[in-house]
Every structure is written in structure tokens, then in C-alpha cells.
Amino acid sequence: MDTVLLTAVVIILLVGILNLYSASRMEEISAVSLYIKQIYWAALGLSLMFVTMFIDTRFFERWAYGIYLVSVFFLVAVLFFGDRTGGAARWFALGPISFQPSEFVKVSMILALGRYLQKNMPVDGITIRHLLIPAILAVVPTVLIIKEPDLGSAGLIVLVFGTLLIAVKMRPKTAAAVILTGVVSMFPAFIFGWRFLKPYQRQRILTFFRPDTDPLGSGYHIIQSKIAVGSGKIIGKGYMHGTQSQLQFLPEQHTDFIFSVLAEEWGFIGSIVLLVLFCIIVLRGFHIARSARDVFGAVVAVGISIIIMWQSFINIGMATGIFPVVGIPLPFLSYGGTSLVTMLIGVGLLLNIYRRRNIF
């Protein structure tokens, strides 16, 4: 077992629950406290992580396409039967429990890509011709998630897909062509796509560039978040002594801006420790990919690591004003059952691949 990876995940999980307790103790959102719910989700996620760790990876390879199709089915179903909040249909509400299919599809897409590349990986690297089927596997969930609409998760899937193929084995000329095409197409795509954005989505982008134009409206989130992060200074204000979070100035502080709570209470030092722990998880994931016994294991290990890397980077970027607010949760820390359970299943896959690295 990769004890370094497991230790880093458990530490972040414990920090996340303590941080969530501080962020939500003054809120009366439901009869059951959010941190208690998160503990239940963590227990379920850890149980599934250990189950995943001991199942033969050939099972996941054999059923990869089936798992992918089930997750796509849920993405279609949520458009018709999902619980609508603010005009968006992203969740199934089953009593007190909510399920967000877009979180689950990230891992299922990685499994499907691993299955495809296991059988079709070119010896001398991926070319444009080999991208057709992998592109379809990524485009289908991306389009469905855009329809919800959830542009943040859709953009994350595209980012993970592109990074994964470059990291696995793409010919240098192909990688350069893909990157150049992506950069060149950004400007016309932005101009064309702007017409189809909802007003609140346009406002988020405008606010990213100039949050001070509407400090009490659309710019309120990012301004309060930056105040919280900055006021933590070097050592922070102390656990449960963050004024921005405890006095409820910080919106969405148990989900999108959970990092801001930690930065305010534990300061620069606490933030760096958290970043180091995330780096350990990602680097161990890449190490597991290098030692994997087959292409499927390598692709899945790289994919899970890239998901954690990009989600952490984007969420912390949102809290510090580097990225626009796009609703990407911080792995293992943001409140949310589907996200937490999916991330822990992903860790279970990493531990599984590491256990079987020397089995032939």
C-alpha cells in the first residue's frame, strides 16, 4: 500500500472536516450540521476507497465502457428529471441526499480512455488520427454538462482530457498542433460562445476582470474572499477566529470558498502546508502511473492525479482571484457528498494500481 499517498489524503480529509466545522457552525442551513453530513460522506467514501483498492483492476478495465455509459445516462436524465436550482439542473435530490452526475463522469471518462488506449495505444505515440474515439468520449459528457449548464465542470473535463493525452504519450508535433489549435480557437470561441452565455455567466467573467465595479453585487464573492485570504497574513487568526467566515461575510464558505476560511484562520503557513499535501498526492499519483503494469493502469493513475491537480489549482485560483468563479470544489475539503466520494474512489484506484504494479 502507498502509505505516503494514503497519509496525505487522510490528513487533508481531517483538516477538511475541522475546517468545515469552523465554516458552517454559525450557519443554520439544515437540521443536521454540514460537518456531520460530511463525516458520513467521508465514512462512505473511505469504505468505497478500500473496496476499490482490493478489486482486480481488470474488472474496471472490462466494465469501463459500461460505467461510462451509466454515467452518461445520468447526465442525460438529470437534464429532464434533475432538481432545478437557479435555472440549472445539476443534481438529483433524493430526500436529504443529492447526487451530482458531473462529478462521477470525470472518473468514468478516465476509465473509458484507459480501456481504449490499453487496446489502441500506438507504440510511437498518439497522432491526430488516434484522437477521434478519445475525443468522442470527452465531447459527449462535455456537451451534456454545458446543457445543465455547468461551464466550470465542462471546462474542467476538456482540460483534464487534453492534459491526460499530452502526459500519456502524444507525439510532440501532435501535442504542439493540439495546443496551438486550442489557443487559436479560444478567441473566436469566446466571441461566438458569449452570445449563448446566461446573464449571470457573463457577469462572472466581467467581474473577474473588474470586481470593484459592483462590490456589493457580482463582485462581492471575490472581494470578500481576497480580504479573508489576505487578512490571514503569515500565521492566521486562529482556529474559529476568522472574522470574515465567523461573521458570515464570506459567501459559499462551505463549498467554493472553503480555502478562504482555511487561509484566514491558518494564514500563509497553513495554506502552504495544504498545497504541499496536494503536491504529494499528485506526485505520488504520477509515480504510480510510471510503475503501473499496463497502459490502463498508467492512464487511470495519470487521469486521477490530473483531476485532483486541476481542481485544486482552479479552486484556490478562484479564492485568490486568479480565476473567475466557476464552481469547482476543492478536493477533500469542499462540502459535497458526490465530490468527496468520487475523489476517494479515485484514490482507491491509485492505491489499487500501486498494489498490483508487480503482479504479472
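Two strands count as paired if DSSP finds at least two bridges between them. Helices (H or I, at least four residues) and strands (E, at least two) are DSSP runs, numbered from the N terminus. The model is predicted, with local features needing pLDDT of at least 70 and side-chain atom pairs counted only at pLDDT 80 or more, while totals for chains, interfaces and linings use all residues. Residues are numbered from 1 along each chain as its sequence is written, and side-chain values use heavy atoms, leaving out hydrogens and water.

**View 1. Pairing of β2 with β3.** Strand β2 (residues 88-94) runs antiparallel to β3 and is joined to it by three bridges. L94 stands opposite I97 of β3.

**View 2. An open sheet of three strands.** The order is β1-β2-β3, with antiparallel pairing. Because β1 (83-85) and β3 (97-99) are at the edges, each with a single partner strand, one side of each has no neighbour in the sheet. From one strand to the next the twist averages 45°.

**View 3. Helix α4 on the sheet.** Helix α4 (residues 64-81) lies across β1, β2 and β3, at about 95° to β2. Axes are lines fitted to C-alpha atoms, for helices over the stretch in contact (heavy atoms within 4.5 Å). Angles run from 0 to 180 degrees between N-to-C directions.

**View 4. Packing of α5 and α14.** The axes of helix α5 (residues 101-120) and helix α14 (residues 337-355) are 8 Å apart, at an angle of about 25°. The two helices are therefore roughly parallel (angles under 35 degrees). E103, F104, V107 and L111 of α5 meet T338, S339, T342 and L349 of α14.

Terms used: Parallel < 35°, antiparallel > 145°, perpendicular 65-115°, else oblique.
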